[in-house]
Amino acid sequence: MCTVCGCGEGETRIEDHEHAHDHGHHHHHAHDHQHGKLSHDYGQGSAHAHAPGLSQTRMLQIEEDILGKNNEYAAANRRWFAEHGILALNLVSSPGSGKTTLLTRSIDDLKEELKLSVIEGDQQTANDAERIRETGIKALQINTGKGCHLDGHMIGHALETLKPEDGSVLFIENVGNLVCPAAFDLGEAHKVAILSVTEGEDKPIKYPDMFHAADLMLLNKIDLLPYLQFDVDRCIEYAQRVNPGIRVLQVSATSGEGMDSWYQWIRATQQPALTA
Amino acid sequence: MHEMSLCESVLQVLEDNARSRGFERVKTVWLEVGGLSGVEPEALRFCFDVVMRDTLADHARLELIELPGQAWCMQCEKAVQVGQRFDPCPDCASYQLQVTGGTEMRIKELEVE
């Protein structure tokens, strides 16, 4: 699937990365291979081409999108998901919003009913993937090293290793960061933003790009509302300012409150993926 | 945001074009950056110099073309200019806006030799 692979400057480590694709060109791979542990690491820095020389100065029209390369990888991932009837959800939030807890709870509640797998993105450690694997489902850790977000290329390689099942739901837990992941399409069907009530209610307007890019906002930790001064209505109003079409569900991964509405959303969203 | 990786992407585009269109050095890069693209021009300039060091674009000049944020106001049914994603319509103060432009991050032109 990696039709435009520019792997030469690998800065990420993907767990248990078997590089099976043959590009027919010399290809030095800087990924640190740690077989058996399921993690991809992009922390090694890159080597760039050096091409000095002298000739006539001229102007070139380029008109090339800076994110064009990423968008090509993302489009390839999206095609692959469609062919395999996989619903891919890109979960984005700040660090500490309770993403991993929400995910483990969702998996425990849904794993009998749906086929599930997870890609975990963090700068370092495989702790989150290990937490997910304790639930008994397949999970792959990507360590972005210096990077602040997952990109389409990393996800393409992660899919080769993880091999999610046809007709399954793939959760991609992005790096905890409300800024950069907004711009990088991974090929997912939807971005789901998770905001906890222990954060500020004005986060949607402080980080508008992310809430603009998300189709669903999960307002998490609502069991803590009695102890906080958090204005739910105002938070939702802020989210709708940056994204008039955003859906908002109020949940608590700890108490379980509202989680059914989230599962209902997943089921309803999965139908088109299955019939596509 | 991530200006470092954006500059890495710029470099990749430059290297790809150097091969396909036959040039060896890049002297100037014109970048179109939309007001809603999330790119911080100062950070971009800083990262650009760092990333381009010892490459075909070493000491290249970066020219930024800043484009305004544009949106369609569903109440007024017309195009308006906005500075931020959460800005209301400058005419009717509605938040029912659909962003239509100003999210660009595009390499427009190069001076090469």
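Buried means under 20% relative accessible area, exposed over 50%, and partly exposed in between, with a 1.4 Å probe and protein chains only. This is a predicted model, in which local features need pLDDT of at least 70, side-chain atom pairs count only at pLDDT 80 or more, and totals for chains, interfaces and linings use all residues. Residues are numbered from 1 along each chain as its sequence is written, chains are lettered from A and ligands numbered from 1 in the order in which they are written, and side-chain values use heavy atoms, with hydrogens and water left out.

**Stop 1: strand 9 of chain A**

Select residues 216–220 of chain A, which make up strand 9. Helices (H or I, at least four residues) and strands (E, at least two) are DSSP runs, numbered from the N terminus. Strand 9 of chain A is largely enclosed by the rest of the structure, because 5 of its 5 residues are buried. In a regular strand the side chains alternate between the two faces of the sheet. Here Leu216(A), Leu218(A) and Asn220(A) are buried on one side, and Met217(A) and Leu219(A) are buried on the other.

Two strands pair if DSSP finds at least two bridges between them. Strand 8 (residues 190–196) of chain A pairs with strand 9 of chain A in the parallel sense over 5 bridges, and Val192(A) has Leu216(A) as its bridge partner. Strand 10 (residues 247–250) of chain A also runs parallel to strand 9 of chain A, joined to it by 4 bridges. There, Leu216(A) has Arg247(A) as its bridge partner. From strand 9 of chain A the chain passes through helix 7 of chain A to strand 10 of chain A, a right-handed β-α-β crossover (with the strands pointing away from the viewer, the path from the first strand over the helix to the second runs clockwise).

**Stop 2**

Select the loop between strand 9 and helix 7 (232–242) of chain A, where Leu228(A) lies. Is Leu228(A) buried, exposed or partly exposed? Leu228(A) counts as partly exposed, because its relative accessibility is 32%. Lys221(A) is in this loop too; its phi is near 65 degrees, a positive value in a residue other than glycine.

**Stop 3: a sheet in chain B**

Strand 3 (residues 69–73) and strand 4 of chain B are joined by 5 bridges, and Gln70(B) has Gln81(B) as its bridge partner.

Between strand 3 and strand 4 of chain B is a loop that holds Glu77(B). Glu77(B) counts as exposed, because its relative accessibility is 58%. Its phi is near 55 degrees, positive in a residue other than glycine.

**Stop 4: a sheet with strands from both chains**

Which strands form the open sheet with mixed pairing? The order is 3(A)-6(B)-1(B)-2(B). Its edge strands are strand 3 (58–65) of chain A and strand 2 (61–67) of chain B. Strand 3 of chain A pairs with strand 6 (residues 105–112) of chain B in the antiparallel sense over 6 bridges. Select Asp65(A) and Arg106(B) to see one pair of bridge partners.

**Stop 5: Cys47(B)**

Last, select Cys47(B) in helix 2 (residues 41–52) of chain B. Cys47(B) counts as buried, because its relative accessibility is 10%. Cys47(B) and His2(B) are 45 residues apart in sequence and 9.6 Å apart in space, C-alpha to C-alpha.
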